[in-house]
Amino acid sequence: GIHAPPYEIPGDIDAVEATAASGGVRVAASYALVVEKDAVFDRLRRERIWERVPLVLVTAKGFPDLATRAFLRGIQNRFPSVTTLGLVDWNPSGALILRAYRSGSARAALESARYALEVKWLGVRLADITDNVRDGAATMPLTSLDRAKIRNLLETADARTEAGRATRSELSEMARLDRKAEIESLCPLEHGGGGGGASLSEYVVGKIVRGEYV
(Lines give C-alpha, C1' and ligand atoms only; values in the text may rest on other atoms or scores of the structure.)
Protein backbone atom coordinates (compact mmCIF):
# COMPACT_ATOMS: atom_id res chain seq x y z
CA GLY A 1 0.00 0.00 0.00
CA ILE A 2 1.01 3.64 -0.24
CA HIS A 3 1.77 3.81 3.48
CA ALA A 4 4.21 0.88 3.41
CA PRO A 5 7.69 1.48 4.87
CA PRO A 6 10.61 2.14 2.49
CA TYR A 7 11.62 -0.85 0.38
CA GLU A 8 15.24 -1.26 -0.68
CA ILE A 9 15.49 -2.66 -4.20
CA PRO A 10 17.78 -5.74 -4.19
CA GLY A 11 20.93 -5.48 -6.25
CA ASP A 12 20.31 -9.00 -7.61
CA ILE A 13 18.41 -8.66 -10.92
CA ASP A 14 17.08 -12.23 -10.68
CA ALA A 15 15.65 -11.46 -7.23
CA VAL A 16 13.98 -8.29 -8.52
CA GLU A 17 12.40 -10.13 -11.46
CA ALA A 18 11.33 -13.08 -9.31
CA THR A 19 9.63 -10.73 -6.84
CA ALA A 20 7.79 -8.96 -9.66
CA ALA A 21 6.75 -12.22 -11.33
CA SER A 22 5.42 -13.68 -8.07
CA GLY A 23 3.31 -10.64 -7.33
CA GLY A 24 5.52 -9.72 -4.38
CA VAL A 25 5.25 -6.03 -5.25
CA ARG A 26 1.74 -4.60 -4.93
CA VAL A 27 1.03 -1.09 -6.14
CA ALA A 28 -1.93 0.99 -4.95
CA ALA A 29 -0.93 4.09 -6.88
CA SER A 30 -1.51 5.96 -10.11
CA TYR A 31 2.08 7.14 -10.57
CA ALA A 32 5.67 6.05 -10.04
CA LEU A 33 7.80 9.12 -9.35
CA VAL A 34 11.50 8.57 -10.08
CA VAL A 35 13.70 11.25 -8.51
CA GLU A 36 17.34 11.88 -9.32
CA LYS A 37 18.68 12.54 -5.83
CA ASP A 38 18.55 10.84 -2.46
CA ALA A 39 18.13 14.25 -0.76
CA VAL A 40 15.05 15.04 -2.86
CA PHE A 41 13.68 11.56 -2.16
CA ASP A 42 14.11 12.11 1.59
CA ARG A 43 12.48 15.53 1.44
CA LEU A 44 9.42 14.22 -0.41
CA ARG A 45 9.22 11.38 2.11
CA ARG A 46 9.27 13.84 5.01
CA GLU A 47 6.49 15.80 3.31
CA ARG A 48 4.55 12.52 2.83
CA ILE A 49 3.75 13.34 -0.77
CA TRP A 50 1.84 10.06 -1.25
CA GLU A 51 -0.90 11.43 1.03
CA ARG A 52 -1.61 14.13 -1.58
CA VAL A 53 -1.39 12.02 -4.73
CA PRO A 54 -1.19 8.20 -4.93
CA LEU A 55 2.34 7.40 -6.03
CA VAL A 56 5.34 5.15 -5.55
CA LEU A 57 8.49 7.15 -4.79
CA VAL A 58 11.70 5.71 -6.26
CA THR A 59 15.33 6.82 -6.47
CA ALA A 60 18.52 5.22 -7.77
CA LYS A 61 20.55 8.00 -6.08
CA GLY A 62 21.78 9.38 -9.39
CA PHE A 63 22.42 7.44 -12.58
CA PRO A 64 20.04 4.45 -12.64
CA ASP A 65 21.40 1.00 -11.95
CA LEU A 66 20.01 -2.07 -13.67
CA ALA A 67 18.13 -3.26 -10.58
CA THR A 68 16.16 -0.02 -10.31
CA ARG A 69 15.28 -0.13 -13.99
CA ALA A 70 14.24 -3.79 -13.69
CA PHE A 71 12.05 -2.93 -10.69
CA LEU A 72 10.29 -0.15 -12.61
CA ARG A 73 9.99 -2.36 -15.70
CA GLY A 74 8.20 -4.90 -13.53
CA ILE A 75 5.76 -2.24 -12.33
CA GLN A 76 5.07 -1.10 -15.88
CA ASN A 77 4.50 -4.68 -17.03
CA ARG A 78 2.15 -5.64 -14.20
CA PHE A 79 0.44 -2.29 -13.71
CA PRO A 80 0.20 -0.61 -17.13
CA SER A 81 -2.14 2.09 -15.79
CA VAL A 82 0.66 3.46 -13.56
CA THR A 83 2.35 6.46 -15.20
CA THR A 84 6.10 6.76 -14.54
CA LEU A 85 7.35 10.32 -14.08
CA GLY A 86 10.92 11.63 -13.83
CA LEU A 87 12.07 14.48 -11.56
CA VAL A 88 15.64 15.54 -12.38
CA ASP A 89 17.77 18.66 -12.31
CA TRP A 90 17.42 21.06 -15.24
CA ASN A 91 20.88 20.38 -16.61
CA PRO A 92 22.45 18.00 -19.15
CA SER A 93 23.16 15.40 -16.45
CA GLY A 94 19.45 15.32 -15.61
CA ALA A 95 18.64 14.77 -19.28
CA LEU A 96 21.23 11.97 -19.40
CA ILE A 97 19.63 10.27 -16.41
CA LEU A 98 16.20 10.41 -18.07
CA ARG A 99 17.68 8.94 -21.24
CA ALA A 100 19.25 6.11 -19.21
CA TYR A 101 15.85 5.20 -17.74
CA ARG A 102 14.25 5.34 -21.16
CA SER A 103 16.85 3.51 -23.23
CA GLY A 104 19.79 2.50 -21.05
CA SER A 105 23.36 2.38 -22.30
CA ALA A 106 24.47 2.02 -25.91
CA ARG A 107 27.26 -0.24 -24.63
CA ALA A 108 24.71 -2.78 -23.37
CA ALA A 109 22.07 -2.83 -26.10
CA LEU A 110 20.43 -6.14 -25.12
CA GLU A 111 19.77 -5.23 -21.49
CA SER A 112 18.79 -1.71 -22.52
CA ALA A 113 16.02 -3.00 -24.76
CA ARG A 114 14.83 -5.42 -22.06
CA TYR A 115 14.53 -2.75 -19.39
CA ALA A 116 13.57 0.26 -21.51
CA LEU A 117 11.01 2.38 -19.69
CA GLU A 118 8.37 4.87 -20.63
CA VAL A 119 9.24 7.81 -18.38
CA LYS A 120 7.54 11.20 -18.71
CA TRP A 121 9.63 14.30 -17.93
CA LEU A 122 7.80 15.96 -15.05
CA GLY A 123 10.51 18.44 -14.12
CA VAL A 124 12.57 20.41 -13.73
CA ARG A 125 11.74 22.11 -17.03
CA LEU A 126 12.18 25.63 -18.36
CA ALA A 127 8.57 26.60 -17.59
CA ASP A 128 9.13 25.74 -13.91
CA ILE A 129 12.08 28.10 -13.75
CA THR A 130 10.27 31.01 -15.40
CA ASP A 131 7.13 30.40 -13.29
CA ASN A 132 8.82 29.96 -9.91
CA VAL A 133 12.04 31.92 -10.05
CA ARG A 134 11.75 35.69 -10.35
CA ASP A 135 15.45 36.37 -10.75
CA GLY A 136 18.57 34.48 -11.69
CA ALA A 137 19.50 33.54 -8.13
CA ALA A 138 18.26 29.96 -8.44
CA THR A 139 20.12 29.21 -11.67
CA MET A 140 23.81 28.66 -12.33
CA PRO A 141 25.98 29.14 -15.42
CA LEU A 142 26.82 26.12 -17.55
CA THR A 143 30.34 24.75 -17.44
CA SER A 144 32.35 23.78 -20.52
CA LEU A 145 31.59 20.12 -19.71
CA ASP A 146 27.85 20.94 -19.53
CA ARG A 147 28.02 22.54 -22.97
CA ALA A 148 29.81 19.52 -24.41
CA LYS A 149 27.18 17.18 -22.93
CA ILE A 150 24.40 19.33 -24.43
CA ARG A 151 25.97 19.18 -27.88
CA ASN A 152 26.24 15.40 -27.66
CA LEU A 153 22.67 15.00 -26.40
CA LEU A 154 21.28 17.25 -29.13
CA GLU A 155 23.04 15.13 -31.74
CA THR A 156 21.58 11.89 -30.38
CA ALA A 157 18.07 12.90 -29.21
CA ASP A 158 15.36 11.22 -31.30
CA ALA A 159 13.36 14.04 -32.91
CA ARG A 160 10.76 11.53 -34.14
CA THR A 161 9.19 11.12 -30.70
CA GLU A 162 7.41 13.62 -28.47
CA ALA A 163 9.81 12.84 -25.62
CA GLY A 164 12.80 13.35 -27.91
CA ARG A 165 11.49 16.66 -29.20
CA ALA A 166 10.83 17.86 -25.66
CA THR A 167 14.35 16.87 -24.64
CA ARG A 168 15.84 18.75 -27.59
CA SER A 169 13.77 21.82 -26.72
CA GLU A 170 14.89 21.85 -23.07
CA LEU A 171 18.54 21.32 -24.00
CA SER A 172 18.40 24.06 -26.64
CA GLU A 173 17.03 26.49 -24.04
CA MET A 174 19.79 25.56 -21.58
CA ALA A 175 22.35 26.31 -24.28
CA ARG A 176 20.64 29.54 -25.32
CA LEU A 177 20.40 30.86 -21.77
CA ASP A 178 23.73 29.31 -20.73
CA ARG A 179 22.07 28.39 -17.43
CA LYS A 180 21.07 25.33 -15.41
CA ALA A 181 19.07 24.76 -12.20
CA GLU A 182 18.70 22.16 -9.47
CA ILE A 183 15.42 20.74 -8.19
CA GLU A 184 15.93 22.22 -4.72
CA SER A 185 16.39 25.75 -6.09
CA LEU A 186 12.70 25.95 -7.03
CA CYS A 187 11.52 25.29 -3.48
CA PRO A 188 14.32 26.08 -1.04
CA LEU A 189 13.86 25.14 2.59
CA GLU A 190 14.46 28.69 3.75
CA HIS A 191 11.58 31.17 3.49
CA GLY A 192 12.33 34.15 1.33
CA GLY A 193 14.26 32.14 -1.30
CA GLY A 194 13.32 31.67 -4.93
CA GLY A 195 10.47 29.31 -4.00
CA GLY A 196 9.35 31.29 -0.97
CA GLY A 197 9.77 28.29 1.31
CA ALA A 198 7.02 26.35 -0.49
CA SER A 199 7.03 22.61 -0.01
CA LEU A 200 8.59 20.58 -2.78
CA SER A 201 5.56 18.29 -2.79
CA GLU A 202 3.32 21.27 -3.66
CA TYR A 203 5.39 21.85 -6.78
CA VAL A 204 5.34 18.15 -7.74
CA VAL A 205 1.66 17.55 -6.99
CA GLY A 206 0.64 20.70 -8.88
CA LYS A 207 2.46 19.54 -12.00
CA ILE A 208 0.98 16.05 -11.76
CA VAL A 209 -2.57 17.31 -11.30
CA ARG A 210 -2.20 19.72 -14.24
CA GLY A 211 -0.68 17.00 -16.39
CA GLU A 212 2.49 19.01 -16.99
CA TYR A 213 4.73 16.21 -18.15
CA VAL A 214 5.88 14.93 -21.52
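**Salt bridges in a predicted model**

Colleague: Which residue forms a salt bridge with Arg-147, and how far apart are the closest N and O atoms?

Modeller: Between Asp-178 and Arg-147 the closest N and O atoms are 3.0 Å apart. The pair links distant parts of the chain, since Arg-147 belongs to helix H7 and Asp-178 to the loop between helix H8 and strand S6, 31 residues apart. The answer is therefore Asp-178, at 3.0 Å, which is within the 4 Å limit for a salt bridge.

Colleague: How many residues apart in sequence are the parts that Lys-37 and Asp-89 tie together?

Modeller: Lys-37 is buried, with a relative accessible area of 17%, and Asp-89 is also buried, at 3%. Their side chains form a salt bridge whose closest N and O atoms are 3.0 Å apart. Lys-37 lies in the loop between strand S1 and helix H2, and Asp-89 in the loop between strand S3 and helix H4, so the parts tied together are separated in sequence by 52 residues.

Colleague: In the salt bridge of Glu-212 and Lys-207, which residue is buried?

Modeller: The two side chains meet at 3.7 Å, N to O. Glu-212 is partly exposed, with a relative accessible area of 30%, whereas a relative accessibility of 3% makes the buried residue Lys-207.

Technical notes: Residues numbered from 1 in each chain as written. Predicted model: local features only at pLDDT ≥ 70, side-chain atom pairs only at ≥ 80, totals over all residues. Heavy atoms only, no water. Helix = DSSP H or I, 4+ residues; strand = E, 2+ residues; numbered from the N terminus. Buried < 20%, exposed > 50% of the residue type's maximum accessible area, 1.4 Å probe, protein only.
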